[in-house]
Amino acid sequence: MSSKGPDWRGIAITGASGGIGAALAEAVAAPGRTLLLMGRDADRLAAAAARVRARGGAVETAALPLSDRAALAETLQEFDRRHPVDLLVANAGVKTGNARGVEPAAQTARVLDVNLGAAFATVGAVLPAMQARGRGRIALTGSMAAVAPVGDLLSYAASKAGLHAYAKGLRRAVAGTGVGVTLLVPGFVDTPMTDRHAGPTPLLLAPEAAARRFADGLARGARVVAAPRRLWWLARLGEALPGPWADRAVAGHAARIAPDADEVRDEPPARP
């Protein structure tokens, strides 16, 4: 089914200023659809909005930090009043590395807040209205790191694993209401976040390729959409191996994660 198949009129996407979010916005943009793109970088949001308009979609942007829960809810609900949201994509995410298992506490809190807490808040802002209308689809962007966690991404993998559980539980919670839930599971995608990943990036995808797969899966109403599928099956099969074998397989993908501009180093790293 084409990504233009569903009757999506209002679409809201967090983490839409670049990477998968911006590519997905472009993939689902079409005449008759109005998108709300949310992120923190106004200039990058403007560039993403221009690509949506080039495909015939109407677009609004909101540059705000997801840590401001009141502004997040107000922005989503105000947009929903004018353009009832048929597709909500909680896509924002951050990651950080660690030194032999030790992460600065402030940075761990930031990862959990953005990747998990903000996703809860995003859904909570719109879900009641979706249920009242009896329609809508919620997409949550997880990660292959939740399927086969590596030692270099502790808080990231844990937060995404929580999001995977949330997606499954939410699907069961809204069953029969007309609202669907889809878990998006990207592997390595060529984004600024992956640029900070100094290590193997098997089956690396362009954001546009991942977005096309996700858009098609959302259009079908799929429960889980993984990109690339081959890495999804390899990760699942690897984790099904006996523990020591699975550990050795994952150890071959060790990496060093460079900090992003917002990381807070409130504790010294562990000694190597």
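Begin by selecting Tyr166, which is buried, with a relative accessible area of 16%; buried here means under 20% relative accessible area, exposed means over 50%, and partly exposed lies in between, with a 1.4 Å probe and protein chains only. This is a predicted model, in which local features need pLDDT of at least 70 and side-chain atom pairs count only at pLDDT 80 or more, whereas totals for chains, interfaces and linings use all residues. Residues are numbered from 1 along each chain as its sequence is written, and side-chain values use heavy atoms, with hydrogens and water left out.

**The aromatic pair**

Rings of Phe, Tyr and Trp (its six-membered ring) pair if their centres lie within 6.5 Å, and planes under 30 degrees apart count as stacked, over 60 as edge-to-face and the rest as tilted. The structure holds one aromatic pair. Because Phe120 lies in helix 4 and Tyr166 in helix 6 (residues 154-173), the pair ties together parts that are 46 residues apart in sequence. Helices (H or I, at least four residues) and strands (E, at least two) are DSSP runs, numbered from the N terminus. In contrast to Tyr166, which is buried, Phe120 counts as partly exposed, at 41% relative accessibility.

**Helix 4 and its neighbour helix 3**

Now select helix 3 (residues 69-82) together with helix 4: their axes come within 10 Å and cross at roughly 30°. That makes helix 3 roughly parallel to helix 4, given that angles under 35 degrees count as roughly parallel, over 145 as roughly antiparallel, 65 to 115 as roughly perpendicular and the rest as oblique. The axes are lines fitted to C-alpha atoms, for helices over the stretch in contact, and angles run from 0 to 180 degrees between N-to-C directions. Helix 3 passes helix 4 in a right-handed crossing, a crossing being right-handed if the near helix is turned clockwise from the far one by less than a right angle, and left-handed if anticlockwise.

Next, show the strands: seven of them form an open sheet in the order 3-2-1-4-5-6-8, with parallel pairing. Two strands pair if DSSP finds at least two bridges between them. At the edges are strand 3 (58-63) and strand 8 (224-227), each of which pairs on one side only. From one strand to the next, the twist averages 15°.

Within this sheet, select strand 4 (residues 85-90), where six of the six residues are buried. Strand 4 runs parallel to strand 1 (residues 10-13), and four bridges join the two; Ala12 has Leu88 as its bridge partner in strand 4.

Which strand does strand 4 pair with over four bridges in the parallel sense, if you look towards residues 136-141? That partner is strand 5, and along it Ala90 stands opposite Leu140. Between these strands the chain crosses from strand 4 through helix 4 (residues 105-133) to strand 5, and this β-α-β crossover is right-handed, a term that applies if, with the strands pointing away from the viewer, the path from the first strand over the helix to the second runs clockwise.

Stay with strand 5, which is largely enclosed by the rest of the structure, because six of its six residues are buried. Gly136, Ile138 and Leu140 point one way from the strand, while Arg137, Ala139 and Thr141 point the other way. Strand 5 pairs with strand 6 (residues 179-186) in the parallel sense over six bridges.

Finish at Ala25, in helix 1 (residues 19-28), which is buried with a relative accessible area of 0%. The C-alpha atoms of Ala25 and Val52 are separated by 6.6 Å, although the residues are 27 apart along the chain. Helix 1 packs against helix 2 (residues 42-54) at an angle of about 20°, with their axes 8 Å apart, which makes helix 1 roughly parallel to helix 2. The crossing of helix 1 and helix 2 is right-handed.
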